[in-house]
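Please look over the sequence and the structure shown here, and then read the short briefing that follows, which is arranged by topic.

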Amino acid sequence: MPETISIAPEAPQHDDDIESIHAEAFGPGRYARAAFRVREGGPHDRDLSFVALKDGNAIASVRLTPILVGNSPGLLLGPLAVRPAFKNLGWGRKLMVRALEAAHAHGHGLVILVGDRPYYEPFGFRVVPAGRIAMPGPVDPNRLLALELQPGSFENVQGTVRWGRQAA
């Protein structure tokens with residue numbers, strides 16, 4: 001019988017599984033990363049965050065967190081993590097696509113992340129031009145990537161990334 005794995009919106013009951021997945025994927029050093037510092041500013045958006053579930057347990061997770069780059073709104077993608085036994089089966093990509101589709105449907109225009117360019121480029125992410133965006137800590141500039149969900153949404157964006165939502 002084939003393994004049944006489904007994708008669902010993240011819910012509070014998934015928190016312990018997700019924390020375990022992050023610990024496996026990134027170890028204790030994750031707390032020192034620049035992207036983690038941004039996420040410390042406030043909660044991620046559960047409406048835009050998803051899990052892959054097997055037998056009711058999360059085996060992979062992706063989160064989108066509201067940010068401001070200077071005064072421009074955007075989303076920070078990550079962490080995107082998959083339990084080792086389920087890596088290289090496409091679950092990370094499926095979760096990311098679902099999250100990006102949800103972000104687009106909710107009217108968001110820009111997503112940034114710190115990650116491996118070869119993995120994210122096929123989805124439209126591009127290296128941020130030097131000097132446009134600063135993270136609250138050191139980041140390899142070749143790993144700072146952006147994706148426009150709405151044409152022109154990155155055009156005048158520049159500044160330091162911080163947690164936040166644009167005032168309505």
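**Helix 1 and the largest pocket**

The buried residues of helix 1 (15-26) pack against strand 2 (50-54), strand 3 and strand 4, where contact means heavy atoms within 4.5 Å. This is a predicted model, in which local features need pLDDT of at least 70 and side-chain atom pairs count only at pLDDT 80 or more, while totals for chains, interfaces and linings use all residues. Residues are numbered from 1 along each chain as its sequence is written, and side-chain values use heavy atoms, with hydrogens and water left out.

**Helix 1**

- Asp17, Ile18, Ile21 and His22 are buried in helix 1, buried being under 20% relative accessible area with a 1.4 Å probe and protein chains only.
- Seen down the helix axis, the buried residues of helix 1 fall within an arc of 135°, so they line one face of the helix; the arc is taken from the directions from the axis to the C-beta atoms.
- Gly27, which follows helix 1, has a positive phi near 70°.

**The largest pocket**

- The largest pocket holds about 1,100 Å³ of space; a pocket is an open set of points on a 1 Å grid over the protein atoms alone, where a 1.4 Å probe fits, with protein on both sides within 12 Å along at least five of seven lines, and lining residues have an atom within 4 Å of a point.
- Its lining has 42 residues, and Phe26, Pro79, Leu80, Ala81 and Tyr120 lie nearest the centre of the pocket.
- Strand 4 gives the most to this lining, with seven residues.

Note on methods
Grid points are joined across faces, edges and corners, and a volume is the space filled by probe spheres set on the points. Helices (H or I, at least four residues) and strands (E, at least two) are DSSP runs, numbered from the N terminus. Buried means under 20% relative accessible area, exposed over 50%, partly exposed in between (1.4 Å probe, protein chains only).
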